[in-house]
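Visitor: I am new to this structure. Please show it to me, and let me ask how you know what you say.

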Amino acid sequence: MTLFLKRIIAITLSLLFISLALACNGGDDPTNGDPTNGDPTNGDPTNGDPGEPIGWDGQSIRWTPAHISLFGSGTPTGFAQHDTINDTAIIWNTDASLDNFGGIQTPMLTVDFSKALVFEMDVVSTYTEYIVKLAVQGELEHFYVLSDSGETGVISVNVVDAMLSDKYRQRNTQPDPGYQHGWHYAGQMRNVSFHILPKGPSGEQQTAELVLRSLSVYNNLEPITQIEVSGASVENGKLEGLLETGPVQLSAQVFPLTGNQDIQWRSANPDVATVDAAGRVTFTGVGRTEIIARSSIDQSKQSVIQVRTLSGYESPIALREALTALEDDDADLLDRFLTLHRTEWGDDITATFDVPPRQAVEARQLEGRLIIENYFSALKSSHIEEALLSEADGVATVEIPFFGGGTVTAHRLIDGVLVRETVEDALGVVYAINHGAWQKHADYVEYGILEYADGTLKKYTIETLDTTLLIDHDPVSMQANWVVPDRTRQLEDPVIHALSPASIRVENQLAIIRQNKYPEALYHFGGLVSPLQQVDSGTVEIQLEVEDINRMNDFVRTMWEIRVIYYETDGNTAVSRHPIKIADGNTPGLHTMRFTPAHTHFRLYFVVNGSDIGGQFPDAEVRLSRLKMYRLP
């Protein structure tokens with residue numbers, strides 16, 4: 001059955017299931033049901049009891065997919081189904097708000113908070129993210145345990161530690177579980193339940209699912225306090241090794257030593273180093289990464305080892321000799337050159353460039369790479385005239401001056417071909433060719449190392465992109481071309497003008513965009529809508545230059561979001577009235593994001609969001625200097 005069909009069935013059945021779930025579970029009340037054993041069937045053996053009754057003995061409990069399917073609705077609402085073919089529980093949200101999350105709640109459990117309370121679920125898949133909250137009898141609101149996560153596998157956390165973590169403390173998430181003085185109910189016996197809530201993309205207002213193999217709760221484990229990783233080659237939390245050597249054995253101790261010692265090992269980048277389930281590390285590629293050891297029963301407790309894989313050419317002399325020894329016909333030329341290119345032979349080893357503006361080309365530095373956006377068009381006379389100025393043998397190049405200038409030997413790997421040449425002050429990068437007719441040069445990536453006369457070595461990466469410009473708006477053009485939603489104009493456009501608005505003004509060459517929600521709206525967010533775009537194929541990249549973002553306090557920060565409204569090919573009929581979020585952030589700087597449009601016609605909805613789980617910020621605003629969008633093949 002396709003995912004689309006599953007969602008259709010879920011939507012069709014949702015009202016029936018919600019009515020049944022609320023009737024069985026009593027809505028928000030975590031004490032509903034049998035308080036002695038946590039039985040999801042309310043103790044009725046004729047009510048679809050999925051096998052042997054399970055009981056909460058104050059120590060531990062495990063619910064199978066069949067049991068989970070009988071849980072009642074959570075807050076916000078949802079329901080669960082048992083997929084008997086795969087023996088999984090599928091939890092659906094049925095929330096219709098812009099928050100777009102909801103789900104189920106476990107039966108009530110009486111727990112002892114003088115001991116560790118551990119929540120565990122085995123996640124098969126999730127639509128986007130999921131949220132887990134703890135409901136405590138007597139509390140009107142529920143406490144965050146997990147959020148902002150789409151991680152799969154066995155997820156296990158110490159509930160109190162998770163609620164009091166820096167993640168929620170820094171955002172001052174409400175209700176306050178006791179950020180200043182510790183958990184409110186420490187040492188007490190309380191009735192609780194867990195709300196498991198799948199979440200769809202913000203603003204989509206559609207169903208989302210979370211697929212589980214099991215749910216478990218433990219109240220009989222020692223709390224994990226810390227993890228220490230050691231190994232014969234580990235010094236001050238760091239591990240180094242030569243490429244393709246290993247394995248190196250790491251070991252981990254979980255404290256207290258009487259607690260569960262099970263460890264999950266993970267590499268942040270297996271292309272640099274891998275680690276197996278026993279803690280054996282193999283150095284697979286030159287570079288840096290992290291090896292993480294975390295407790296299997298409390299994954300908030302972890303220890304991190306910094307790992308560096310060495311090439312053996314970390315001295316400039318050895319590196320120069322290795323470069324000279326490379327031959328064009330080497331079978332493994334690409335791998336050998338990239339190994340040298342990834343090597344770190346000092347601190348200041350990355351070349352910098354200062355590219356003058358051109359009609360058909362724009363360059364930018366991004367994380368150590370030089371990105372060249374190639375807008376060349378044979379239909380533009382200005383582009384042809386510019387190309388003729390640098391043409392040689394039917395090839396037009398843009399000169400890329402490198403910092404320091406002078407005469408250097410350039411070792412250049414271009415599309416797998418090694419080129420060695422002596423250059424003066426600048427590199428020539430191809431962007432257009434003329435073999436009877438002018439055309440744009442295709443995308444390519446160049447890896448290079450510059451060898452200066454004094455022996456200094458500098459490396460670089462140049463990526464040229466075949467781009468077609470769609471939007472390039474400075475503050476003035478953004479103010480002139482983007483639409484401010486206005487609900488009094490819904491007859492003109494019932495989709496755009498139904499959205500929450502933002503205001504825009506231009507000051508000091510910046511577009512100051514401020515959320516301007518309607519007074520009765522609950523959440524503090526609003527935005528502007530771009531002109532209609534048409535992209536028949538390929539990928540779209542957006543560049544957003546954010547100069548500043550304000551905040552209400554250290555906990556509630558303004559967020560920018562980019563959402564998409566899709567249209568039918570007529571450009572007038574919206575596929576959906578609900579914009580789909582494709583990117584967000586809460587930091588200034590240059591942000592780039594790519595997406596593949598699901599439909600050929602669309603508009604962007606740029607949102608300023610002052611809503612956070614820590615509070616609502618009515619004065620949320622973002623200051624932009626530029627928003628650019630182009631198509632990639």
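Guide: This is a predicted model. In the lining of the second largest pocket, α6 gives the most, with seven residues.

Visitor: Which domains does the lining of the second largest pocket draw on?
Guide: Domain 2 (226-310) and domain 3 (316-466) each give at least three residues. By class, the lining has twelve nonpolar, nine polar and eleven charged residues.

Visitor: What lines the second largest cavity?
Guide: Val 286, Gly 287, Arg 288, Arg 308, Thr 309, Glu 314, Arg 342, Thr 343 and Glu 344 do. β20 and β21 (302-310) are the elements that give two or more residues to this lining. The volume of this cavity is about 40 Å³. One lining residue is nonpolar, three are polar and five are charged.

Visitor: Why is Asn 374 called buried?
Guide: Its relative accessibility is 3%. Buried means under 20%. So Asn 374 counts as buried. Asn 374 sits in strand β23 (residues 369-374). Beyond its neighbours within four places in sequence, Asn 374 has contacts that include Tyr 431, Lys 440 and His 441.

Visitor: Why does the pair of Phe 376 and Tyr 431 tie together parts that are apart in sequence?
Guide: Phe 376 lies in the loop between β23 and α7 (381-390), while Tyr 431 is in strand β27 (residues 426-434), so the parts tied together are 55 residues apart in sequence. Both Phe 376 and Tyr 431 are buried.

Visitor: Why is the pair of Tyr 566 and Phe 602 edge-to-face?
Guide: The ring centres of Tyr 566 and Phe 602 are 6.4 Å apart, with the planes at 70°. The limit for a pair is within 6.5 Å, and edge-to-face needs over 60 degrees. So this pair is edge-to-face. Tyr 566 is in strand β37 (residues 559-567) and Phe 602 in strand β40 (residues 601-609), 36 residues apart.

Visitor: How do you know whether Tyr 566 is buried or exposed?
Guide: Tyr 566 has 11% relative accessibility. The cut-off for buried is under 20%. Tyr 566 therefore counts as buried. Phe 602 is buried too, with a relative accessible area of 0%.

Notes:
Residues are numbered from 1 along each chain as its sequence is written. This is a predicted model: local features need pLDDT of at least 70, side-chain atom pairs count only at pLDDT 80 or more; totals for chains, interfaces and linings use all residues. Side-chain values use heavy atoms; hydrogens and water are left out. Helices (H or I, at least four residues) and strands (E, at least two) are DSSP runs, numbered from the N terminus. Ala, Val, Leu, Ile, Met, Phe, Trp, Tyr, Cys and Pro count as nonpolar, Asp, Glu, Lys and Arg as charged, and the others, Gly among them, as polar. Domain bounds come from an automatic or database domain assignment. Buried means under 20% relative accessible area, exposed over 50%, partly exposed in between (1.4 Å probe, protein chains only). Contact means heavy atoms within 4.5 Å. On a 1 Å grid over the protein atoms alone, a cavity is a set of points where a 1.4 Å probe fits but cannot get out, and a pocket is an open set with protein on both sides within 12 Å along at least five of seven lines; lining residues have an atom within 4 Å of a point. Grid points are joined across faces, edges and corners, and a volume is the space filled by probe spheres set on the points. Rings of Phe, Tyr and Trp (its six-membered ring) pair if their centres lie within 6.5 Å; planes under 30 degrees apart count as stacked, over 60 as edge-to-face and the rest as tilted.
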